[in-house]
Amino acid sequence: ATPTSIMVGTGRAAELGVLFRRGDALQALQGVRVVALDKTGTLTAGRPEVTALIPAPGLTRPEVLTLTAAVEAKSEHPIAGAILRAAEREGLTLPEISIFESHTGLGVSAMVDNRRVLVGAERFLTGEGVDVAPLRADADRIARDGRTPLWVAIDGAVAAAIGVDDPIKPSTPAAIRALHDLDLQVAMITGDAATTARAVAGRLGIDHIVAEVMPVGKVDALKALRADHGAIAFVGDGINDAPALAEADVGIAIGTGTDIAIEAADVVLMSGELDAVVRALSISRATMRNIR
Ligand code: ADP
Ligand code: MG
């Protein structure tokens with residue numbers, strides 16, 4: 001590859017909102033066979049809202065939402081924002097909490113009014129010995145709709161299923177079609193529930209789904225996809241995406257994402273939209289074709 005054509009390609013990409021942090025990423029991109037995408041904040045807008053709350057028998061919505069929001073007030077996860085906005089809309093006053101713990105990729109827990117409250121994924125609650133059967137059907141309905149099902153437990157008993165909706169970015173469907181037109185396979189890697197991931201991936205025609213993974217699990221998922229299909233580009237935005245961005249043959253961070261993701265990436269997209277990924281791939285192919 002001539003340094004001049006790489007410079008021209010990188011410059012053209014920058015004009016189109018794609019910053020190459022590493023010169024060889026332009027070359028590496030053209031060998032990519034699979035584009036793997038984080039779901040939350042990458043395929044979706046990353047601004048979730050609570051759209052359902054089903055309390056367990058004997059509990060009321062304000063009661064459950066108050067305890068849940070009190071715990072989430074200490075979390076920086078986008079899901080926490082959704083819960084807090086819901087509590088605010090309903091005019092709830094949040095009590096003080098103690099012994100807050102954030103369990104990365106699982107959920108949060110704390111003591112509220114002498115009660116131990118857990119909020120998070122199903123695998124978090126079941127791992128803590130909570131029987132989720134009473135609200136299983138409600139959570140399944142939420143997930144089949146493509147929404148994230150969150151679980152709340154109070155003192156070891158399931159207390160609510162909450163549906164959190166994070167709409168797909170308007171530009172995502174066309175970007176995925178364009179990746180397919182470039183003969184690439186598209187994968188989704190997410191910490192979210194498998195049923196939710198399948199519903200969202202189905203709408204978008206995504207080829208491979210890896211769900212319910214912890215942040216380090218995203219790295220294992222990339223290695224498995226690479227072994228089966230070839231070089232991988234991974235696109236992500238969160239702190240939990242940093243290991244996968246570093247592992248991928250080409251790590252692509254959304255510029256509106258976290259600094260930690262940007263630091264770990266080879267390529268940074270100036271906008272939050274995935275059509276920039278398509279532009280990056282096209283420029284890479286055009287540049288490399290000129291070189292040969
Ligand atoms: P993603 O890959 O979707 O960005 P994360 O690794 O951040 O996922 O989280 C995975 C799952 O863990 C979420 O879908 C949610 O069920 C649960 N979770 C994580 N943090 C929280 C939180 N603060 N409150 C409730 N649930 C959480
Ligand atoms: Mg994300």
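**View 1. Residues surrounding ligand 1 in the predicted model.** Ligand 1 is surrounded by 23 residues, a residue being counted if its C-beta atom, placed from the backbone, lies within 6 Å of the ligand. The closest are Thr40, Ser75, His77, Ala121 and Gly191. Two or more residues of the shell come from each of α3, α5 (78-89), β5 (107-112), β6 (115-120) and β7 (148-154); helices (H or I, at least four residues) and strands (E, at least two) are DSSP runs, numbered from the N terminus. The shell comprises eight nonpolar, 11 polar and four charged residues. Here Ala, Val, Leu, Ile, Met, Phe, Trp, Tyr, Cys and Pro count as nonpolar, Asp, Glu, Lys and Arg as charged, and the others, Gly among them, as polar. Residues are numbered from 1 along each chain as its sequence is written, while chains are lettered from A and ligands numbered from 1 in the order in which they are written. In this predicted model, local features need pLDDT of at least 70 and side-chain atom pairs count only at pLDDT 80 or more, whereas totals for chains, interfaces and linings use all residues.

View 2. The domain bounds come from an automatic or database domain assignment. Taken over C-alpha atoms, the domain centres are 31 Å apart.

**View 3. Contacts between domain 1 and domain 2.** In domain 1, 14 residues are in contact with 14 residues of domain 2 (C-beta atoms, placed from the backbone, within 7 Å). On the domain 1 side, α3 (39-43) and α9 (194-204) each supply at least two residues. Helix α9 gives the largest share, five residues. By class, this side has five nonpolar, six polar and three charged residues.

Methods:
Two residues are in contact if their C-beta atoms, placed from the backbone, lie within 7 Å.
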